[in-house]
Amino acid sequence: QLHNVPVDVVVVGDAPLDERGRAMVDACQEAALNAARHSGAPLVSVYVEVEPDQLTGFVRDQGKGFDPGQVPSDRRGIADSIRGRVHRHGGTAVITSGPGEGTEVQLRMPRTVP
């Protein structure tokens, strides 16, 4: 509770924590920290599912939202710590947000190399 915002975490499934799993956990952590720090939401929700062929993660808040296209280039958290982290391991990150709409970060990571 670094920013005094509770984070509700739900994990479905189980798998050994390999390099891809660690990247997913770290990207979810960064997204949850960003939400707690910037959204103004009273709660941040994290959902991760271990599926046979992929890991799926969602980080959501009902905060003030933002325009992802207007993030200054010197603010590298989304680009490096979320998108870059999952892309380096073959995954994808989609950030959906808008002013007044809250934010959702959707992460997908293959469990095996294609």
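## A walk through the predicted fold

The protein exposes about 6700 Å², and carbon and sulfur atoms supply 50% of that area. The model is predicted. Of the 114 residues in the protein, buried ones make up 37%. The protein holds two helices and five strands. Read from the N terminus, the elements run β-α-β-β-α-β-β. Take the contacts between residues at least 6 apart in sequence: 68% of them join residues at least 24 apart.

With residues up to four places away in sequence left out, Ala 15 touches Val 50 and Arg 111. Val 50 is 35 residues from Ala 15 in sequence, yet their C-alpha atoms are 7.0 Å apart in space.

Next comes helix H1, residues 19-38. H1 has 20 residues. From first C-alpha to last, H1 reaches 28 Å, close to the 28 Å expected at 1.5 Å a residue. At its start, a side-chain oxygen of Asp 18 comes to within 3.2 Å of the backbone nitrogen of Arg 20. Arg 20 is itself one of the buried residues of H1. The buried set also includes several alanines, among them Ala 23, Ala 27, Ala 31 and Ala 35.

Gly 84 lies in helix H2 (residues 77-87). The C-alpha atoms of Gly 84 and Ala 23 are 9.8 Å apart in space, while the two residues are 61 apart in sequence. Gly 84 has 15% relative accessibility, which is under the 20% cut-off, so Gly 84 counts as buried.

Ser 39 is in the loop between H1 and S2. Is Ser 39 buried or exposed? Its relative accessible area is 8%, so Ser 39 is buried. The side chain of Ser 39 reaches the backbone oxygen of Ala 35 at 2.6 Å. Leaving aside neighbours within four places in sequence, Ser 39 is in contact with Asn 34, Asp 61, Gly 63 and Lys 64.

A search of the whole structure finds one aromatic pair. Which rings form it, and how are their planes set? The partners are Tyr 47 and Phe 58, with ring centres 6.4 Å apart and planes at 40°, so the pair is tilted. The cut-offs make the assignment clear: centres must lie within 6.5 Å, planes under 30 degrees apart would count as stacked, and planes over 60 as edge-to-face.

Tyr 47 is partly exposed, at 27% relative accessible area, whereas Phe 58 is buried, at 14%.

Definitions and conventions: Residues are numbered from 1 along each chain as its sequence is written. This is a predicted model: local features need pLDDT of at least 70, side-chain atom pairs count only at pLDDT 80 or more; totals for chains, interfaces and linings use all residues. Side-chain values use heavy atoms; hydrogens and water are left out. Rings of Phe, Tyr and Trp (its six-membered ring) pair if their centres lie within 6.5 Å; planes under 30 degrees apart count as stacked, over 60 as edge-to-face and the rest as tilted. Buried means under 20% relative accessible area, exposed over 50%, partly exposed in between (1.4 Å probe, protein chains only). Helices (H or I, at least four residues) and strands (E, at least two) are DSSP runs, numbered from the N terminus. The expected span of a helix is 1.5 Å times one less than its number of residues. A polar contact is a pair of N or O atoms within 3.5 Å; within protein, one must be able to donate a hydrogen and the other to accept it, and residues adjacent in sequence count only if both atoms are side-chain atoms. Contact means heavy atoms within 4.5 Å. Accessible areas come from the Shrake-Rupley method with a 1.4 Å probe; for residues, only the protein chains shown count as cover.
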